[in-house]
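Subject: Structure handover

Hi,

Here is the structure we talked about. Please open it alongside this email; my notes follow below.

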Amino acid sequence: MKTTLFFSLLFILFSCANPKYDGIFCGAEETIEKDGLTFFSNENNLFEAGRLQSSEEAFEGKYAIKVDSAFPYAFTYSFKDSKPGDAYLVTIWKKGKGGVIIASSNEGFYKVGSKLVEKKDGWEKIELQFVLPPNYNSKELKIYGFSNQKKVVYFDNFLIKTLEKNQLEYPIIGNSLNILIDTNQFNTIKRLRAEAFDKNILQSSDDSWVKAKVLYHGDTNKVKIRLKGDWLDHLQDDKWSFRIKMKEGNIMNMKEFSIQHPKTRKYMSEWLLHDVLMKEDVLTTKYDFIPVQINGRSLGVYAVEEHFKNHLLENKTRREGPMLKLAEDAFWDYQLAAREKKATTSFHYPIFKSAIVKPFSKKKTFKDSLQKAYFYKAQDILHSYKEFDIKFSKHFDVEKYAKFYALVDIFQSYHGLIWHNQRFYFNPLTEKIEPIVYDANIEGDNHFTNPNRFILADNTGEFKQVKKDEHYMSFQAFNDPVFRKTYFEELNYYINEFNWEGYFKERKEALTAKNELLKNEFPYYTFSTEYINNRIAIIKQQFAQYENKETDGEWFNFNYKAKESINVPTLSEGPINNLSLVIHKEKKKGDKRQYSLKNYFHYPITIIAAGKKKDSLINVPELVLPAFYEGDNITSKMLITDKKIKYVKFKVNGTDNTKTIKVLKWRSPSIIPKKEEDYNLGIFKNTNKDTLTLAKGNYTLSKSVIIPKGKYVKFNGANITLTNKASIISYSPIVMDGCIIIAKGGEGFSLIEPTGNSVISNTKFVNLTPNTQLQTCTGGVSIYNTTIKIEGCEFNNIKSEDGLNLVNCNYDISNTTFTGCMSDGFDIDYGSGVLSNITINNSGNDGLDVSYTNITVNNLKVNKPGDKAVSVGERSTFKGNSFDIKGAKIGIAVKDESNATIDNISLNTCDIGVVMLIKKQFFNAPKLKLTNFKQEAVTSKEIIDVRAVYHKNGTAVKGKEIIDTELFY
């Protein structure tokens with residue numbers, strides 16, 4: 001009897017603790033009874049659900065567990081002594097559709113995973129890795145298989161490993177971004193993470209940054225790094241999200257960026273949307289994948305996403321302008337207060353209403369007077385947008401937004417439309433707001449959860465009813481008929497005309513490379529573009545009904561009214577940070593400083609103190625601000641002081657509750673007045689509905705002429721004198737021949753984003769200055785975003801930063817001269833084209849200055865420029881032939897990843913012949929090749945950065961040191 005019992009126990013031991021498995025293992029082969037329940041067992045370990053043992057299927061041995069929606073749990077195992085930081089690797093084999101691994105506790109810890117790691121004979125091995133969080137304090141941790149599918153799922157070979165060093169296992173991948181951080185700095189990050197788990201939310205501040213270094217492709221650079229994310233999904237396990245700010249150098253042409261688990265952005269789906277947006281010239285953050293290590297330990301593959309810095313714009317052919325958002329501070333302060341039980345979710349808080357317009361790069365924005373002016377314009381536009389009091393098509397780039405919304409419908413990326421996920425760019429050339437698509441978070445990866453959902457319709461196809469102001473913000477554009485029409489045109493284009501098959505073929509190599517990189521960590525992850533084709537088929541089926549409702553006037557009118565009955569918080573609950581007082585610094589009045597204050601708390605507050613330092617405020621005359629009421633306009637009150645203040649202290653009336661709030665460094669926004677544009681087109685003759693003609697003759701303009709889109713304009717031999725700050729601004733294509741435009745107290749000429757090609761020939765521009773109406777024009781003549789031909793023209797005595805400024809144009813310019821321009825003679829940013837027979841005389845600064853452009857220049861003469869004769873910068877490709885340069889401080893300057901080749905070039909009487917350097921540190925080295933190159937009376941032949949590649953008349957010339965850009969700029 002004893003012998004039989006011994007062999008029975010031995011069988012149980014080896015069936016559930018198979019020696020070939022390192023860890024706690026059970027293969028569903030043997031059951032025992034205990035306390036009236038059936039368990040699987042191995043020695044002292046018990047696994048629940050023994051009664052579900054089945055011989056119908058088995059991965060190994062004779063048995064497996066059979067589960068369905070009635071009996072969903074399999075192999076439940078309990079740990080009694082788990083603690084924060086413990087790490088586990090759990091695997092299970094399953095057969096059937098569905099099935100996951102879950103780890104959970106009664107105190108709120110919950111983790112689910114189904115990462116596919118192996119396939120065999122119709123079975124799939126899935127995996128869950130996890131680390132217990134810092135706030136874990138449960139008495140029991142349960143780990144189990146689970147499936148609530150109606151169809152049967154079989155589970156077998158359940159294995160739990162407790163990982164050594166409490167670290168999860170990730171593949172080692174080459175060309176990793178290695179973050180090097182010392183113990184003390186890393187301990188600070190761990191402490192901040194633990195605090196986030198205590199609060200159930202991560203709130204970052206200037207104190208959250210720590211010092212580190214990054215090693216990438218052999219280069220080591222200093223950085224600042226902090227935890228990134230708001231919700232704790234960014235901080236789970238040991239694959240945390242980070243924001244990285246480069247102090248020197250760049251990574252993938254980025255100076256500041258975030259890294260996070262690819263699942264936070266749905267793996268390849270987010271990458272695909274970003275790629276399509278870039279193809280369609282809609283601004284979006286750079287998004288890619290990169291292997292990451294910390295101090296040499298692999299953390300697998302991360303998604304990398306650039307932050308909102310100027311290089312985002314430069315890489316997308318946009319001129320520098322403010323990037324903005326509606327501040328999320330109040331939203332996250334409320335979330336924190338609710339989790340700390342200091343706020344009740346049933347009460348109404350004006351989170352959206354109190355959200356201020358906030359610039360990225362505040363310090364840079366307010367240091368530069370021009371950028372500051374742009375920000376104020378943008379702030380007023382976005383404030384009016386937030387208050388639902390704006391004509392959308394007048395102040396927003398309708399084409400860019402229509403493309404964005406149409407692609408949101410294609411990809412179902414509605415998460416990016418949430419108000420606090422929206423990002424904005426004020427284009428200083430068009431003076432309109434463009435979207436920067438960010439955090440799209442596609443609803444599914446390789447599929448759509450709700451395939452019938454649309455921006456304007458719910459899952460049933462019915463038009464949405466908008467009930468909250470923060471939701472209405474994204475929909476109000478549809479009340480503008482210009483936007484609505486453009487949106488339908490773009491959506492129709494993407495479902496019927498856009499060559500998706502050709503696009504996927506063109507991007508096949510990139511798609512495959514990204515997919516293969518992800519497979520290093522997610523071996524069975526395969527991305528298919530077929531789900532996009534399926535989605536387009538669904539939209540095609542429903543597109544007609546949208547068009548019909550619009551045509552028949554049945555379109556839902558999104559006239560949202562904010563006034564509604566609300567549940568007000570109790571007085572004892574008190575104000576929440578950034579949900580109480582908002583203070584803007586206004587313009588000084590004489591020697592007095594003014595600060596406007598708005599109360600967003602539901603009870604009156606009284607200002608009691610103010611000062612420069614938070615801990616030493618001085619009492620001020622009491623100022624009472626009335627309570628906030630939803631739907632009413634908030635009246636601001638003014639605090640006037642003799643001295644500058646940075647902080648204001650207030651108390652809630654009727655309580656001892658006080659708070660101290662920081663003053664914003666910029667003025668408060670205003671609603672943009674709605675007024676009809678005065679185009680002043682009386683000088684033109686209408687030859688037909690859309691053509692304007694200015695006949696030969698003399699004209700004096702004391703008032704600006706603004707030509708709207710949709711016209712075609714002819715200037716035939718007209719002599720135009722601009723006075724009284726008058727200018728000419730055209731948003732339509734022009735043909736100008738044999739004209740003279742001269743400023744006598746007037747300003748300049750601007751051609752802004754016309755739809756169609758323009759030609760300017762045999763025309764003189766004299767004494768022009770920038771158009772102050774636009775504030776964005778740097779040229780006496782400024783031409784933006786178009787195709788332009790200029791022939792036989794003169795630009796004389798232009799008093800502006802540039803004589804002629806082309807931005808993002810395709811150009812053909814010949815037989816043209818620039819004489820006596822105050823600063824740069826000719827400046828080209830972005831685009832591509834050809835210059836032939838160009839002469840630039842006596843410019844105050846550079847002769848020809850190009851950046852981000854692909855240009856060919858034949859027969860160029862530059863005489864006595866104030867600085868550089870030719871400046872080639874910011875990743876330009878420059879091909880030149882027959883250059884004659886005299887009297888320059890610098891003959892040729894090539895910088896910032898530009899590649900220049902010039903044949904037959906002569907420099908005479910110059911201070912420095914050639915300069916090559918890296919001015920902006922996120923660029924790589926420049927290249928220059930000069931052939932048939934001659935220098936006479938040149939004081940210093942060349943100053944070459946050691947990183948640059950320079951060939952002169954067939955000989956490589958190597959620089960000796962890194963050049964200090966301060967010497968030249």
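**The loop at Asn785**

Asn785 sits in the loop between strand 45 (779–784) and strand 46 (787–791). Helices (H or I, at least four residues) and strands (E, at least two) are DSSP runs, numbered from the N terminus.

Before going on, the ground rules. This is a predicted model, in which local features need pLDDT of at least 70 and side-chain atom pairs count only at pLDDT 80 or more, while totals for chains, interfaces and linings use all residues. Residues are numbered from 1 along each chain as its sequence is written, and side-chain values use heavy atoms, with hydrogens and water left out.

Back to Asn785. Leaving aside neighbours within four places in sequence, Asn785 is in contact (heavy atoms within 4.5 Å) with Glu753, Pro754, Val807, Asn808 and Cys809. Two of these partners also make polar contacts with Asn785 through side chains: Glu753 at 2.7 Å and Asn808 at 3.4 Å. A polar contact is a pair of N or O atoms within 3.5 Å; within protein, one must be able to donate a hydrogen and the other to accept it, and residues adjacent in sequence count only if both atoms are side-chain atoms. Asn479 is 306 residues from Asn785 in sequence, and their C-alpha atoms are 28 Å apart.

**Confidence**

How high is the mean pLDDT of the protein? It is 87, and 91% of the residues reach 70 or more. pLDDT is the predictor's confidence in each residue, from 0 to 100. Two stretches deserve a note. Over residues 1–19 the pLDDT is below 50, and the stretch has 20 contacts beyond near neighbours in sequence. Over residues 559–564 pLDDT stays under 50 as well, with 13 contacts beyond four places in sequence.

Strand 20 (residues 287–294) and strand 21 (residues 297–306) run antiparallel, joined by seven bridges. Strands count as paired if DSSP finds at least two bridges between them. Tyr287 stands opposite Glu305 in strand 21.

**Salt bridges**

How many salt bridges does a search of the whole structure find? It finds 42. Each is a side-chain nitrogen of Lys or Arg within 4 Å of a carboxyl oxygen of Asp or Glu.

Lys400 and Asp281 meet in one of them, at 3.8 Å from N to O. Lys400 lies in helix 9 (residues 398–411) and Asp281 in the loop between helix 3 and strand 20, so this pair ties together parts 119 residues apart in sequence. Lys400 is buried at 10% relative accessible area, whereas Asp281 is partly exposed at 30%. Buried means under 20% relative accessible area, exposed over 50%, and partly exposed in between (1.4 Å probe, protein chains only).

Lys514 forms another salt bridge with Asp288, with the closest N and O atoms 2.8 Å apart. Lys514 is in helix 13 (residues 508–519) and Asp288 in strand 20, 226 residues apart. Both Lys514 and Asp288 are buried.

Glu320 pairs with Lys364 at 3.4 Å between the closest N and O atoms. Glu320 lies in the loop between helix 4 (310–314) and strand 22 (323–326) and Lys364 in helix 6 (residues 362–367), so parts 44 residues apart in sequence are tied together. Salt bridges that share partners also join Asp281, Arg318, Lys400 and Glu434 into one network.

**Strand 24**

Is strand 24 (residues 423–427) mostly covered or mostly uncovered? Mostly covered: five of its five residues are buried. Arg423, Tyr425 and Asn427 point one way, and Phe424 and Phe426 the other. In a regular strand the side chains alternate between the two faces of the sheet.

Strand 24 runs antiparallel to strand 22, with two bridges. Strand 24 also pairs with strand 25 (residues 432–436) in the antiparallel sense, over five bridges. Tyr425 has Glu434 as its bridge partner in strand 25. The hairpin of strand 24 and strand 25 has four residues between the strands, and Glu431 there takes a positive phi near 60°.

Best wishes
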